[in-house]
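Trainee: I would like to learn how to read the features of a model like this one. Please take me through them one at a time.

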Amino acid sequence: MKTVRSSKQKLQSFLKHEQTTAFWFILPAIALLMVFVFYPMLQAFIISFKNYSLVGAGDVFVGMDNYVHLMKDRAFFNSLKHSFYFAVIVIPIQTSIALGLALLIQKKTATAGLFRTLYFIPVIISTAVAATVFKLIYNKEFGLLNSVLKALQLPVTSFLSDPKTAMNGIIVLGIWKGAGFFMIIFLAGLNNISPDLYEAARVDGASRIQQFFKITLPLLNRTMAFVVIMTTIDAIKLSGLVFVLTNGGPNSSTETVVFYIYKQAFTQMRMGYATAAAFVLFAIVLTISLVQMKLFNKDND
């Protein structure tokens with residue numbers, strides 16, 4: 001009995017020591033999160049109830065006024081519409097391209113490594129550099145795109161100066177810039193699927209299309225969920241490409257919600273109003289992400 005009690009005490013002592021050690025290891029991370037994430041979020045939430053300005057002495061508590069005015073702000077809802085338009089177009093196209101590229105480079109061939117690098121290069125290129133290059137490509141006078149249209153005897157256009165085409169130009173750049181990253185995610189998911197499943201399907205006479213829809217897609221469900229949710233978040237918080245390419249123009253036709261928040265905070269110095277808009281956007285993105293997770297989990301069940 002004494003031996004059993006002694007063993008239990010040693011085990012409890014060991015577990016307690018392990019828990020204490022684990023706590024000290026994660027304490028720095030918790031402290032950094034508290035100082036640089038959670039505390040600033042709390043302060044931002046408080047500021048959203050104030051008439052707070054980066055200049056002057058404006059720091060007056062206004063209650064829900066910022067949120068009430070935001071619900072009546074047509075410019076805010078237009079910016080949301082532009083962000084959702086970008087998201088609705090980008091999510092299916094970028095996801096399909098990323099999955100297609102992953103399927104192309106999955107097989108181990110002599111050139112697979114080269115193509116993986118080429119497809120991933122847009123991801124590591126700076127947003128400012130990529131946007132500047134595409135701005136030159138879209139240029140009406142000497143841009144590559146209009147040169148091709150001229151060669152095909154088609155009418156040229158100023159893509160970024162026309163409200164009807166400006167957002168589409170940003171969409172093309174966004175897809176080109178982000179597809180390579182999600183290609184790598186899909187590639188990791190494809191490599192986790194056992195080759196035995198495909199071998200058994202071929203023995204049963206399944207075609208490549210049947211294998212794709214009956215094996216690949218179902219087993220990529222979790223990877224697909226991650227890609228769709230991350231693409232949605234990235235699309236809705238689009239701002240960098242807009243800032244460099246169009247600065248929200250022409251006629252605010254490319255002003256996304258994050259760019260609108262930036263303008264309110266740092267151009268018009270309405271930090272309280274901009275913070276309220278940021279928390280509304282946070283609630284929208286959180287709701288969409290939770291709905292997407294629930295839908296994908298339902299598919300898993």
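Trainee: How far apart are the end C-alpha atoms of residues 21–42, and what share of the span is helix or strand?

Mentor: Helices (H or I, at least four residues) and strands (E, at least two) are DSSP runs, numbered from the N terminus. Residues 21–42 are 100% helix and 0% strand, with end C-alpha atoms 30 Å apart. This is a predicted model, in which local features need pLDDT of at least 70, side-chain atom pairs count only at pLDDT 80 or more, and totals for chains, interfaces and linings use all residues. Residues are numbered from 1 along each chain as its sequence is written, and side-chain values use heavy atoms, with hydrogens and water left out.

Trainee: Which residues does UniProt place under "transmembrane region"?

Mentor: UniProt positions are given in the numbering used here, feature names are shortened, and annotations may be inferred rather than shown by experiment. The unreviewed UniProt entry places the feature at 21–42, 84–105, 117–138, 170–190, 224–245 and 271–291. Residues 271–291 are 100% helix and 0% strand, and their end C-alpha atoms are 30 Å apart. The unreviewed entry also carries the annotation "domain: ABC transmembrane type-1" over residues 80–292. That stretch is 75% helix and 0% strand, and 19 Å separates its end C-alpha atoms.

Trainee: Where do α3 and α7 have a kink?

Mentor: The bend at a residue is the angle between axes fitted to the seven residues ending there and the seven starting there. In α3 a kink of about 30° lies at Val-90, shortly before the proline Pro-92. In α7 the kink is about 35° and is centred on Ala-179.

Trainee: What does Asp-73 do at the start of α3?

Mentor: A side-chain oxygen of Asp-73 comes within 3.0 Å of the backbone nitrogen of Ala-75. Ala-75 itself is in helix α3. Contact means heavy atoms within 4.5 Å. Leaving out residues up to four places away in sequence, Ala-75 touches Glu-255 and Tyr-260. The C-alpha atoms of Ala-75 and Ser-252 are separated by 8.7 Å, although the two are 177 residues apart along the chain.

Trainee: Is Ile-170 buried or exposed?

Mentor: Buried means under 20% relative accessible area, exposed over 50%, and partly exposed in between (1.4 Å probe, protein chains only). Ile-170, in helix α7, counts as buried because its relative accessibility is 0%. Asn-192, in the loop between α7 (166–191) and α8 (195–203), counts as exposed because its value is 68%. Ala-75 has 32%, so it counts as partly exposed.

Trainee: Which residues have the most contacts inside the largest nonpolar core?

Mentor: A nonpolar core is a set of buried Ala, Val, Leu, Ile, Met, Phe, Trp, Tyr and Cys residues joined through side-chain atoms within 4.5 Å. The largest one here has 62 residues, and those with the most contacts inside it are Phe-76, Phe-86, Ile-170, Leu-173, Phe-186, Leu-245 and Leu-281. Helix α3 gives the most to this core, with eleven residues. Beyond four places in sequence, the residues that Ile-170 touches include Phe-86, Leu-238 and Leu-245.

Trainee: Which peptide bond is cis, and where is a positive phi found in a residue other than glycine?

Mentor: Most residues other than glycine have a negative phi, and most peptide bonds are trans. The bond from Gly-249 to Pro-250 is cis, with omega near -10°. Pro-250 is in the loop between α11 (240–245) and α12 (257–267). Asn-247 lies in the loop between α11 and α12 and has a positive phi of about 55° although it is not a glycine. Met-269, in the loop between α12 and α13 (271–300), has a positive phi near 60°. Asn-247 counts as partly exposed because its relative accessibility is 48%, and Met-269 is partly exposed with 26%.

Key. A polar contact is a pair of N or O atoms within 3.5 Å; within protein, one must be able to donate a hydrogen and the other to accept it, and residues adjacent in sequence count only if both atoms are side-chain atoms.
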